[in-house]
Amino acid sequence: MNTSLFVRPEQRQAWQQLQTLAQAPAVHLRDLLPQPGRSRGLQYQAAGLSLDASHQRVNADILSALHALAEESQVLDKAQAMFRGEHINRTEDRAVLHVALRGRAQNTPPWGAAISHAVSVELTRYTAFAQALRHRQITGHTGEPITDVVNLGIGGSDLGPRMATEALWPSADGFHPPPVQVHYVSNVDIWQLAKTLSALHPARTLFVVQSKTFTTQETLTLFASAKRWLVDGGCPADQCHQHLVAVTAKPALAQTLGFHAERCFHLWDWVGGRYSLWSAIGLPLVVAIGTDAYLQMLDGAHAMDQHFLHTAVANNMPLMMALFGIWNRNFLGATTHHIAPYHSALGKLVAFLQQQDMESNGKRVHTDGSVCHVATAPVLWGGLGNDGQHAYFQLLHQGSHLVPVDFIGVRHGYAGMPLSAEHQRVVLLNMQAQAQALALGRTPEDTLQQLIADGLSVEQAQALAPHRSFPGNVPSSMLWMDQLTPFALGALIALYEHKVFCQAAVWGIHAYDQWGVELGKTMALALEKTSRVAGN
């Protein structure tokens, strides 16, 4: 891979070809969808997931140019460099190796045996501790077993494990309460912490404090209040360590704050917060769903990794998702992107993906430091589809914004749950109908005929037709999994991780630093120092 000379994306031949194609008269999806072989030609399979991209506004010429753009941008070569552990996070001079955290099945991993060994050791440590908690073998200062775990973290230290816990605990424990209850507190506003602790007992509560640097102001504030709650609840100050666990890249610093070494789990500097679910940051998730389910999730992500790394552009699911997104963002002018899961257990997925996407690709300069003249990450938003279609889907259908959509569907509900199949049938009918309605819309002529057929006069129908017509031509993809299992969720998360990487590679931006986040932290600390000086 030749990285010595940076080429701006708009200077690439394929990019210019796509600009020309975008300026041609648009072909409506209602004309594209019936074309012979279209549906079959826009299907992708990987790691048990299926992607139906037939509702994207692309034709054969656009697809060919998108493939060429990926080749010209050296996307898969850059992916190989990431997997080898090259320091692709250049502004921090770090490797980016969250893929190594779920690559335990590989005999000769591209990142090397030393990293694999270290990952394996730490995985064994924190999953064993989680299992001991689940078996009520971890006790507090009174000798009573721990019954509740409270995770204190923010950003990736909260969103990942919280999202996956909500998604997977039903399948892990069959809708029965888990042996240890897991709670999440991220907001430094005291209300969230107070509400959580109001139902817990200090003698039976363990806090998992998640902070890569152990300098995050919000998390340290929550930690200080948690210690005070323990002491006020009868725990001797010198016994608080029995109720504390740290996950950090700075274990020595954590130990100065009262954590014992055997309760400090390691996080490497080559793991970004929003990609850390696969590390010891996942400890509370393992407590919630058990080791077996957690390892299945790692395996699902690893299966997607292998597909991504070894599949040609035209059939590469994460890369094709990225290319459809680039077409919509840079050539169709879509400024936002909507994600609509049609499964209630995925209620936290969008918030998790928002951080993953916008913190990674919300950048305005290229890797060489020059200002981008092409649009980068769209605003990612969304929520549960069945709720949204009775709320903001109105804007998607008739608003003035073009909003591409990812629909995420689960074909089968929970086995053994009464009425699950019937409810799931209605859910999926709604999802497929929304995708079809967004694509096809309804012309003023068809609306007029329908209103007259419904009994309105010609004058009434003509007055109402503009209000009840829909332009359609809204691009969307339908992502399918057979069931919401740990393996499938792992594959889904890795799919979006690699999509983000591919888009960054095409745009020529750094996906793995987050200096905008760091600026806010720095200013908060400066303001705190200023206020203390003023108070003195």
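Does Ala47 count as buried or exposed, and at what relative accessibility? In this predicted model, Ala47 counts as buried, because its relative accessibility of 18% falls under the 20% limit.

**Two residues with positive phi**

Ala47 is found in the loop that lies between strand S1 (43-46) and strand S2 (49-52), and its phi is positive, at about 50°, although the residue is not a glycine. Arg136, likewise a residue other than glycine, has a positive phi near 60°, and its place is in the loop between helix H6 (113-134) and strand S3 (148-152). Arg136 counts as partly exposed, because its relative accessibility is 39%, a value between the limits of 20% and 50%. The table sets out the values for each residue.

| Residue | Phi | Relative accessibility |
|---|---|---|
| Ala47 | about 50° | 18%, buried |
| Arg136 | near 60° | 39%, partly exposed |

**The pairing of H1 and H4**

Helix H1 (residues 13-23) and helix H4 (residues 60-72) have axes that come within 8 Å and cross at roughly 155°, which means that H1 is roughly antiparallel to H4, the cut-off for this description being an angle over 145 degrees. The crossing of H1 and H4 is left-handed. On the side of H1, the contact is made by Gln13, Ala14, Trp15, Gln17, Leu18 and Leu21, and on the side of H4 by Asp61, Ile62, Ala65, Leu66, Ala68, Leu69 and Glu72. Sorted by class, the residues in the contact of H1 with H4 are nine nonpolar, two polar and two charged.

How values were computed. Residues are numbered from 1 along each chain as its sequence is written. This is a predicted model: local features need pLDDT of at least 70, side-chain atom pairs count only at pLDDT 80 or more; totals for chains, interfaces and linings use all residues. Side-chain values use heavy atoms; hydrogens and water are left out. Axes are lines fitted to C-alpha atoms, for helices over the stretch in contact, and angles run from 0 to 180 degrees between N-to-C directions. Helices (H or I, at least four residues) and strands (E, at least two) are DSSP runs, numbered from the N terminus. Angles under 35 degrees count as roughly parallel, over 145 as roughly antiparallel, 65 to 115 as roughly perpendicular and the rest as oblique. A crossing is left-handed if the near helix is turned anticlockwise from the far one by less than a right angle, and right-handed if clockwise. Contact means heavy atoms within 4.5 Å. Ala, Val, Leu, Ile, Met, Phe, Trp, Tyr, Cys and Pro count as nonpolar, Asp, Glu, Lys and Arg as charged, and the others, Gly among them, as polar. Buried means under 20% relative accessible area, exposed over 50%, partly exposed in between (1.4 Å probe, protein chains only).
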